[in-house]
Amino acid sequence: MNENRRDFLRNSVVLTALSTSRILGANERVRIAGLGTGGRCSYLLSLASKAGAEIVALCDVYEPRRLAAKEKLAPAARADYVDYREVLDRKDVDAVIIGSPDHWHVTMTLDAIQSGKDVYVEKPVSHTIAEGERLEKAVAGSRQVVQVGYQQRSWEHFQAGREVVAGGKLGRITLVLASWYQDYLNLLSGASPVDAQKLHWKRFLGSAPEQPFDPLRFTKWRWFWDFGGGHLTDLYSHYCDVIHWYMGQDSPKMAQAMGGRNALPAFECPDTINVAYEYPGFNVVYNGTLVGSLEGGNIVFRGSNAVLKINRDGFAVYPERVVPFEKTQYPEPEIAMRSLGDGTVDHMKNFLDCVRSRKTPNADVRSAVAAARAAHLGNLAYRKGNPEKAVRGGAADLALD
């Protein structure tokens, strides 16, 4: 990517920021509350604070997390909230950042917009397909700003990569490969103990079935069906959103999946998974494992004229018909761009700008619901127990016995 192009993209962001204004004043500080103040939410709150927002309230079912966030991020904030609805009752809260487990996302977001609060909610935006449909309708009928945590949409090199695809550089794309690898075997060995006396377990459960306290389910909730959705909702949905964005298609016709709890049988969700989706005109394949992290997460768009490989470090476009057939090395890239930081920084700035301007944020609810829906379809295909049977994309949530 040449320097003129980079300057153009940066100037576009600056011009957009300068053009925003809010009825109450473009420079007025946005007052933020955090709902579910674990590691991710605390990071988001820190970015909001650096961008000029004021953190006024912190809510979490686990007291040590609330107190740690207060000490580190907002000593003046009230941090004794266990019930998030008490935060929503406050008139001095303009917006909330939701970092709760997935099964709380829609409930908290709906309650927040009914209370007149704007929302930054982490992905996936929903825990089921039906939830997403309900949320999309509610947000469309409200005046609230809702940004979903698909930060790639605010990341400069992901925006530039989309323009490469939209410009036809790759030719005809019939196959998109996505992958994400994380080393949970190593991560679990350093898990911190949980003080159950300082945890409100029933509030954590919420709509989930009654069950005894389990420290693994509390700390690694993403890998248990009652609270999360494993690989596809936690990791793949990020790149599914990018694929939908680039390809202009967000409704898979079918999904097939297989996987296993090969190394981490204590989890309910598979630690290793392979999913294939069929879209009109192209296929998507996702591979993921929690055993080893080399390569991290990648997307590869395979076109008739070139291949685009993109990840959070940057992207490169490799031309076809330069390397002889059957040879495995890549040619020199025709276009390349490196990431200069974390797109979450600009994503949070975009949210706060939209709170002031009332514009639609970069990761709107409609597109986020579509990404979550595709992830849920893959999980439904896996949970049906027969990877040879496709789960049809036009169906509503399927009953899981």
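**View 1. Glu295 sits in the loop between strand 10 (282–289) and strand 11 (297–303).** Helices and strands here are DSSP runs numbered from the N terminus, with at least four residues (H or I) for a helix and at least two (E) for a strand. This is a predicted model, so local features need pLDDT of at least 70 and side-chain atom pairs count only at pLDDT 80 or more, while totals for chains, interfaces and linings use all residues. Residues are numbered from 1 along each chain as its sequence is written, and side-chain values use heavy atoms, leaving out hydrogens and water. Glu295 isn't a glycine, yet its phi is positive, at about 85°. With a relative accessible area of 55%, Glu295 is exposed; the cut-offs are under 20% for buried, over 50% for exposed and partly exposed in between (1.4 Å probe, protein chains only).

**View 2. Glu326 is another non-glycine residue with a positive phi, near 75°.** Look for Glu326 in the loop between strand 13 (314–319) and strand 14 (335–338). Glu326 is exposed, at 77% relative accessible area. For context, most residues other than glycine have a negative phi, and most peptide bonds are trans.

**View 3. A cis peptide bond runs from Lys123 to Pro124.** Its omega is near -15°. Pro124 belongs to the loop that links strand 5 (118–121) to helix 6.

**View 4. Helix 5 (residues 105–114) packs on helix 6 (residues 129–140).** Their axes are 10 Å apart, at an angle of about 15°; axes are lines fitted to C-alpha atoms over the stretch in contact, and angles run from 0 to 180 degrees between N-to-C directions. Helix 5 passes helix 6 in a left-handed crossing, meaning that the near helix is turned anticlockwise from the far one by less than a right angle (clockwise would be right-handed).

**View 5. Ser154 lies in the loop between strand 6 (146–148) and helix 7.** Helix 7 spans residues 156–166, and its buried residues include Glu156, His157 and Phe158. After helix 7 comes Gly168, with a positive phi near 85°.

**View 6. Helix 13 covers residues 365–383.** From first C-alpha to last, its 19 residues reach 26 Å, close to the 27 Å expected at 1.5 Å a residue; that expected span is 1.5 Å times one less than the number of residues. Helix 13 is largely enclosed by the rest of the structure, because 17 of its 19 residues are buried. At its start, a side-chain oxygen of Asp364 comes to within 3.2 Å of the backbone nitrogen of Arg366. Gly385 follows helix 13, and its phi is positive, near 85°.

**View 7. Lys253 is in the loop between helix 11 (230–247) and strand 8 (254–260).** Lys253 is partly exposed, at 43% relative accessible area. Its C-alpha is 7.4 Å from that of Tyr277, 24 residues apart along the chain.

Technical notes. A polar contact is a pair of N or O atoms within 3.5 Å; within protein, one must be able to donate a hydrogen and the other to accept it, and residues adjacent in sequence count only if both atoms are side-chain atoms.
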